[in-house]
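Grab a pencil and have the viewer open. Here are a few exercises, each with its solution worked through.

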Amino acid sequence: MAGIVEQMRDSLARALRDAVHEARQRGVLPAFGELPEFIVEVPREKEHGDFATNLAMLLARAVRMPPRKIGELVLAHLKPAGLPVTKVEVAGPGFINFYLRPDWVLTELPQIIRADEDYGRVNVGRGAKVQVEFVSANPTGLLHMGNARGAALGDSLANVLDFAGYRVTREFYINDAGHQIELFGRSCEARYYQLLGLPGEVPQEGYHGEDIVETVRKFIAQYGDAYLRAGEKERREALTGFALREKLAAIKKALEDFGVYYDVWFSEAALYESGAVEEVIRRLRERGCLYEHEGALWFKATAFGVEKDEVVVRSNGIPTYFAADVAYHLNKFERGFDLVINIWGADHHGHVARMKGAVAALGYNPDALRVIIMQLVRLYRGGEIVKMSKRSGKFVTLEELVEEVGKDAARYFFVMRSADSHLDFDLDLARSQSNENPVYYIQYAHARICSIIRQLNDLGRRLPDFAQVDLSLLKEEAELSLARKLADFPEEVATAARDLAPHRLPRYLHETAGLFHSFYNSYRVISDDEALSSARLALAVATRVVLANGLRLIGVDAPERM
RNA sequence: GCGCCUGUAGCUCAGUGGAUAGAGCACCGGCCUCCGGAGCCGGGUGCGCAGGUUCGAUUCCUGCCAGGCGCACCA
């Protein structure tokens, strides 16, 4: 269901193509090859009309005529019949500008209200299967700011893709195998001894956080000192298994409190147990992509344009993390995803090229793997950088963040920046319940509209049948520009999906809320004029729908009262 | 040294191969007998530097400068 803006764009493009065709038929325009791919855009400047096209300028080279001249010729053959076009002109270096009747967009309002929570759904995905893998933190600790940003970004992107017509699977890859887990187990063991009054030392590179102590304390509460007498292997397995389950449960809880739910929790250990890691090594070997060097087995990544080759099996016979990750990605593609999206921290960007190389080596299209690299997060409090260090266990966790600033502010602040940008997170601003805070600004607009409707009910009046409302009564600039903004929502969703850019939404919502506040401040919605009240209620209710839908996509609540 | 990301207003950041580059914050001044003042209205010499491609570059390419992150038989 295309919005009215897209329909208008298409109609104008069609009229333009017809005009060019006509002019060529009549020999007014010389023959040329393909019509260049022109765009019909909304000009930045209002004075340049409602829509504009660069068609004439793009055609200049092919027909060897000045753009303005071409514009005039196209214009002479243009028949915008049935369209609310009031004026067309050639301007500037050769733009063709279209001016529309100011009320052209108003018919969208009842459509918005009717579609309600589905307004803004588009079909750019055409039902393609897409997987979004995000966070995928080691289940050995708590979630930090990088994970939090990934969670907000990944979940919002998944929401957007879903709304844009993709079939989305959200997935968390659990790194529950390998060297780090070994270290984790030894760290737990050391704490186990310590808590039981025996000597024990957490390995230098191990996990020193207080949270591990807590976890081991719970283990002791349940099993006492029974494992002191067990063999090392048995003791470690018991401790590691217990701790991993607990950590994972805590991670899951923290994410749920952050509004993030997964479809699949995928275990790395399962890849070893099922033989998938061995299998993928066999496949790579079969394809001649592996070789031995100094006792280790290497993947010939350089054959796929990567700078360096990569070890898949160490000389001690243990596969690397990379081997498991390749197996995981093979598994993803075997599950039939058309598009596989990973959200990784900037510290993993070196991994992208070789992962794509491995995908290509396995016979899949490396472009079907899209990796979004997020830059790092810096926290500010009181104007100072909050120092964090993972090793010492001193970092702000996702739970603490949500507790300090709330879920809504946290999610909004993470999503409002593009992944490419280093994020300075101002805790004071996010926490402030004032007009400084953009989250509340948007939520406030939503609550205000709900309040208007409550007011209406209190007066014993009811919402009108919006299909019957005389929208032509909306004539004020503030009304028309708000309606115009609302009609942009479907294209906003489409663009966010196409560009994998959920950060567009906070901006759009903020602008929309601003236009509403502005309108609200200048005009009364509910008045003695029944017809005018109905028209303005249509505008207000449509605004509520768009704000609610947009906020939902970024995982922020749309409260009826604040 | 090599690779990736980033350099836009005092600060944090949007933005697009096009016609006069935007928002929030901060700062200053206005607005409530009226549906929620968490609101509204007004206030601006800025695209790191240098070349190139183009009818047109803040956007694309090259070099340089600055910051971040990588460059393990770690993950």
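The exercises go from the whole chain down to single elements.

This is a predicted model, where local features need pLDDT of at least 70, side-chain atom pairs count only at pLDDT 80 or more, and totals for chains, interfaces and linings use all residues. Residues are numbered from 1 along each chain as its sequence is written, while chains are lettered from A and ligands numbered from 1 in the order in which they are written.

**Exercise 1. Sketch the overall layout of chain A.**

Step 1: list the parts. Chain A has 20 helices and 15 strands, taken as DSSP runs (helices H or I, at least four residues; strands E, at least two) and numbered from the N terminus. An automatic or database assignment gives domain 1 (4-100), domain 2 (130-173 + 260-374), domain 3 (179-257) and domain 4 (435-553).

Step 2: The C-alpha trace of chain A spans about 90 × 65 × 40 Å along its principal axes, and the C-alpha centres of domain 3 and domain 4 are 53 Å apart.

**Exercise 2. Work out which side of helix 3 faces inward.**

Step 1: pick the buried residues (20 or more other C-beta atoms within 10 Å of their own, with C-beta atoms placed from the backbone). In helix 3 (residues 67-76) these are Pro67, Ile70, Gly71, Leu73 and Val74.

Step 2: look down the axis. Their arc, taken from the directions from the helix axis to the C-beta atoms, is only 165°, which puts them on the same side of helix 3.

Step 3: recall the geometry. An α-helix has 3.6 residues a turn, so residues three or four places apart point the same way.

Step 4: find the cover. Helix 1 (4-25), helix 2 (55-63), strand 3 (85-91) and strand 4 (95-100) are among the elements over these buried residues, counting contacts as C-beta atoms, placed from the backbone, within 7 Å.

Notes: Buried ≥ 20, exposed ≤ 12 C-beta atoms within 10 Å, placed from the backbone. Contact = placed C-beta atoms within 7 Å.
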